Amino acid sequence: MVAKVVNIAAGEKAGMSPKKQEGDERFPIVGIGASAGGLEAFEQFFRPVPADCGMAFILISHLDPDHVSLLTEILQRTTTMQVCEARDEQKVEVNCVYVIPPNRDMTISRGALRLSVPKVPRGQRMAIDVFMGSLAKDQGSRAIGVVLSGTGTDGTVGLSAILAAGGTSIVQDPTTAKYDGMPRSAINAGCARFTFPADQMAAYLLDNTLKPMPSKEHLPSVKDTSGSVAKILQLLKSGAGHDFSLYKTNTICRRIERRMSTHNIRDMEMYARYLSEHPAEVQILFKELLINVTRFFRDPETFVILKQDILAALLADISDQYVLRVWVAGCATGEEAYSIAIILRELMNECGRECKVQLYSTDLDDEAIAIARAGFYVSGISEDVTPERLHRFFIKEDTGYRVKKEIREMIVFAVHNILKDPPFTKLDLLSCRNVMIYLEPELQNRLIPSFHYALKQNGTLLLSPSEGLGSHTDLFAPINRKWKLFRSVPSSTPTRLVHARDLSWTAEIRKKVPEEVIKKTNENSFAEITKRALIRAFAPASVITDLKGDILYVHGDTGKYLRPAPGQATLNVIEMAREGLQSELRVAIYAGANLGTSTLDQEVTLKTDDATQIVSISVRPQSEPDTKKGLLLISFREVAQPPAGVPAADAHPASSEELRQIEELQRELAYIKESLHSTIEEQQNFNEELKCVNEEMQSTNEELQSTNEELETSKEELQSVNEELVTVNAELEAKIEQLADMQNDMKNLLENIHVGTIFLDQNMHVRRFTRDAVRIYRLAQSDMGRALGDIKSDLTGDDLLSEAKEVLETLIPLEREVSTANGDWYLARIQPYRTLDNVIDGVVLTFTDITEHIKAIEAREAQHLAEGIINTVREPLLVLDSSFRVISASQSFYREFKVQPQDTVGNLIYDLGSRQWDILALRQLLESVRQHNETFEDYPVEQDFPIIGRRKMLLNARRIVSKTGESNLILLALAAVT
């Protein structure tokens with residue numbers, strides 16, 4: 001192709017760019033496709049993406065249709081953006097991630113997602129191609145496609161569609177992908193504009209897709225940048241050898257700006273300087289202008305009209321010796337050339353005739369031509385090629401389809417510049433689609449007459465729906481205006497116009513001297529005439545056959561020697577030979593075909609209806625270098641006979657002995673001939689048997705080929721299932737890691753809350769227990785699975801086994817306080833064990849240590865009891881703790897000893913009234929009370945008191961015993977001695 005600058009213009013004309021909705025701020029939508037190994041790649045992609053990235057992401061993965069996907073849940077832990085499974089008719093919103101559901105195809109239209117049930121069988125689905133194709137149509141040049149890890153070729157066709165719409169394609173670096181099938185397929189097909197590791201893609205998108213576009217008033221005008229563009233085009237012309245000066249400026253500038261954004265260059269003058277300093281960038285820019293976007297049977301209705309209305313009529317009118325000439329200009333990677341070759345082959349098969357086809361397919365891009373010559377295309381072409389054509393004209397390989405040899409041999413691929421190189425001439429069909437849309441009108445006006453010059457009269461010109469004839473409507477008559485099919489009409493203008501224009505190839509034509517051309521033609525004509533005259537005058541009647549004797553070419557009049565054999569028509573020279581020639585021909589052909597020896601001037605008597613004729617037969621194997629192998633030249637020549645009754649000049653009377661010998665030799669010769677004839681017939685029968693065996697082998701081979709195709713289909717399905725299993729396995733691995741983390745968290749939780757827990761199954765067998773449960777039941781790790789009744793507990797009284805069985809039967813939780821033999825108190829709770837499905841599968845026993853709580857409650861109860869008693873007694877009373885500090889005192893004590901509560905509560909008993917009583921006696925009494933369990937009553941101590949005239953008082957100390965058996969408080973009563 002002369003130049004296939006990205007198909008932005010075509011996309012805009014075809015309506016690819018979506019209509020901007022009023023009041024709706026548009027944002028980039030990124031379609032991301034992955035298969036096997038995609039979960040890891042997704043996580044790497046989203047980790048660096050901020051929550052307010054300003055983009056929306058749509059994930060297409062190969063999921064098991066029968067398995068619930070965990071992809072949404074797993075990715076939500078990787079990104080802070082909202083991740084949800086896509087719903088039908090869901091509007092795409094910014095800063096959100098949408099995941100395709102299992103067993104669904106997804107497309108996008110007007111910014112909303114569309115879900116549908118797949119129609120293609122499992123194993124042949126191309127979900128990524130389907131979505132990216134719709135994304136390209138919906139978003140146009142704003143579409144962004146990303147292909148990550150995966151096997152197969154899904155995504156390649158989708159990226160090609162995005163490139164055709166002027167969007168951006170990014171592919172994971174195959175060296176960093178867990179499975180590199182999908183990335184390598186996209187790269188090999190030329191659909192990868194950028195290649196990054198998965199964790200670096202987000203940085204590129206944030207830097208290059210969210211930069212604010214300059215307003216129209218700030219954009220430099222074409223006039224302002226014309227000097228820089230001219231410099232860039234001059235560098236392209238000198239570096240790449242191609243002139244783009246007459247290509248549409250807007251299209252060229254868009255391509256240049258894409259390269260500028262890649263290098264973060266804002267000024268076109270700076271980019272021109274960058275080009276001059278980096279020659280490699282010149283070649284990259286040249287390839288950027290030659291993006292090859294095409295597909296099989298593009299605009300299918302065009303090919304239907306071309307086949308039924310044009311090529312069918314052409315084949316019906318031409319002879320078998322006619323050479324059909326076709327030229328596909330700007331063929332890109334060859335899909336259109338192969339499409340035309342396929343419909344030609346279909347037509348020849350349908351009409352049952354063969355004709356020679358010369359199909360030339362050219363393009364300016366040598367890499368695209370190399371791909372076209374190989375004839376290998378990814379599996380996505382099944383969207384454009386019917387299954388019948390795929391089976392008939394393609395060979396299925398691991399990652400795609402290869403065009404069969406019979407179609408490839410019909411086409412000659414070559415690098416060609418339609419502006420610079422001479423066109424192919426005497427054409428019946430010329431196809432040049434989506435080339436002129438990138439050219440200025442001046443250049444288009446040069447090409448149309450050139451096309452007319454290349455076509456025969458009534459030849460067909462095929463253009464794209466967005467192209468036209470311009471001002472040259474007098475050179476072509478329309479066949480179909482919608483699909484731009486035109487017929488060349490006679491005119492004296494084309495040749496004159498072509499030679500008058502300054503197309504570079506016309507200069508060579510003008511340099512030729514007419515006299516030299518005529519002289520050369522005349523010399524060739526005289527040689528040809530002489531050769532034909534000599535052959536007619538001196539060459540005998542001859543035929544050219546293959547090694548089996550089948551006639552390929554006839555020279556001269558062979559009717560005297562050959563005639564059509566009765567029965568089924570045949571061209572075998574032995575069966576067509578007249579009577580008397582068959583035996584000699586069979587022997588001579590056998591010698592020439594198998595032994596390589598020639599038979600020269602073998603005289604044979606030819607029998608006709610009324611006479612006999614001696615004929616000389618010669619059989620010569622053709623072994624000259626210029627002739628094809630495996631051919632025989634068979635010549636027939638009549639031998640002149642002397643008139644009847646006139647003996648030959650050297651004849652003399654023969655003796656009877658000589659006559660006898662001659663007769664004997666003749667008999668032997670006849671016997672040998674018969675033997676040879678029998679042998680040859682046996683050989684023929686053997687050959688027929690071999691032929692039958694060969695046909696059976698061919699039939700078996702076809703069956704094996706059919707079986708092989710079925711196995712290949714099964715292989716594809718298994719590969720697809722394997723991809724789905726890999727995806728499910730990755731999800732389950734992530735889920736297992738999550739469950740392991742949760743199990744670790746639960747283990748640390750149970751061990752650090754210091755609550756003894758025992759899990760029992762429905763048979764009261766121990767499932768699991770925490771380390772604090774060992775303080776209640778004497779459990780060990782070896783007790784897992786044992787019955788709880790077989791394990792001894794430290795509980796006082798009966799154990800909790802019966803209560804646990806009751807809870808399992810009634811499902812009513814139970815809670816009570818229990819104590820152990822060492823005096824510890826626990827709050828025991830027994831509750832049913834419920835699974836996530838709300839199924840009762842045992843009971844759970846928990847033991848919370850409440851010993852300190854019980855002690856505190858008892859102390860408070862004792863204190864309240866003591867205070868109540870104290871305040872009701874008339875005599876002075878004190879409540880002491882174990883260290884003999886006053887906890888409480890009665891009102892009578894304050895009155896009797898004339899002290900205040902703040903001077904009493906909290907002080908030692910020895911500091912109160914030390915001058916009134918015997919301190920030593922008091923200490924002995926209190927120590928005796930604290931060290932013994934018995935209660936001391938009426939324990940008198942004589943003491944002088946100067947208070948209210950009394951001389952003696954009675955001290956009575958009593959120990960208050962708590963529920964836990966500890967002596968917490970001492971009650972001290974003072975009474976007057978009567």
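Because the model is predicted, local features require pLDDT of at least 70 and side-chain atom pairs count only at pLDDT 80 or more, whereas totals for chains, interfaces and linings use all residues. Residues are numbered from 1 along each chain as its sequence is written, and side-chain values use heavy atoms, with hydrogens and water left out.

Helices (H or I, at least four residues) and strands (E, at least two) are DSSP runs numbered from the N terminus, and two strands pair if DSSP finds at least two bridges between them. An open sheet of 5 strands is found in the order β21-β20-β24-β23-β22, and its pairing is antiparallel. Strands β21 (551-555) and β22 (599-607) form the edges, each pairing on one side only. From one strand to the next, the twist averages 25 degrees. Within this sheet, antiparallel strands β23 (residues 612-621) and β24 (residues 631-638) are joined by 7 bridges. Arg620 stands opposite Leu633 of β24. Helix α22 (residues 582-595) lies across β22, β23 and β24 and runs at about 145 degrees to β24. For such angles, axes are lines fitted to C-alpha atoms, for helices over the stretch in contact (heavy atoms within 4.5 Å), and values run from 0 to 180 degrees between N-to-C directions.

Strand β27 (residues 814-819) pairs with strand β28 (residues 825-834) over 6 bridges, and Glu817 has Leu827 in β28 as its bridge partner. The hairpin of β27 and β28 has 5 residues between the strands, and Gly823 takes a positive phi near 95 degrees there. Strand β28 is in turn joined to the antiparallel strand β29 (residues 840-849) by 8 bridges, with Phe847 in β29 as the bridge partner of Ala828. The hairpin of β28 and β29 also has 5 residues between its strands, and in its turn Asn838 has a positive phi of about 60 degrees.

The structure holds 17 aromatic pairs. Rings of Phe, Tyr and Trp (its six-membered ring) pair if their centres lie within 6.5 Å; planes under 30 degrees apart count as stacked, over 60 as edge-to-face and the rest as tilted. The pair of Phe45 and Phe57 is edge-to-face, because the ring centres are 5.7 Å apart and the planes stand at 80 degrees. Phe45 belongs to helix α2 (residues 38-46) and Phe57 to strand β2 (residues 56-61), so this pair ties together parts that are 12 residues apart in sequence. Phe45 is buried, with a relative accessible area of 0%, and Phe57 likewise counts as buried at 0%; the term buried denotes under 20% relative accessible area, exposed over 50% and partly exposed in between (1.4 Å probe, protein chains only). Phe194 and Phe196 form a stacked pair, at 6.3 Å centre to centre and with 10 degrees between the planes. Phe194 counts as buried at 10% relative accessibility.

One aromatic cluster is formed by Phe296, Tyr338, Tyr377, Phe394, Tyr401 and Phe413. The charged end of Lys396 sits over the ring of Tyr401, 5.1 Å from its centre, and Arg767 lies over the face of Tyr833 at 4.7 Å from the ring centre. The criterion is that NZ of Lys or CZ of Arg is within 6 Å of the ring centre and within 35 degrees of the ring normal.

In helix α10 (residues 268-277), the buried residues are Met268, Tyr271, Ala272 and Leu275. Viewed down the axis of α10, these buried residues fall within an arc of 105 degrees, so they line one face of the helix; the arc is that of the directions from the helix axis to the C-beta atoms.
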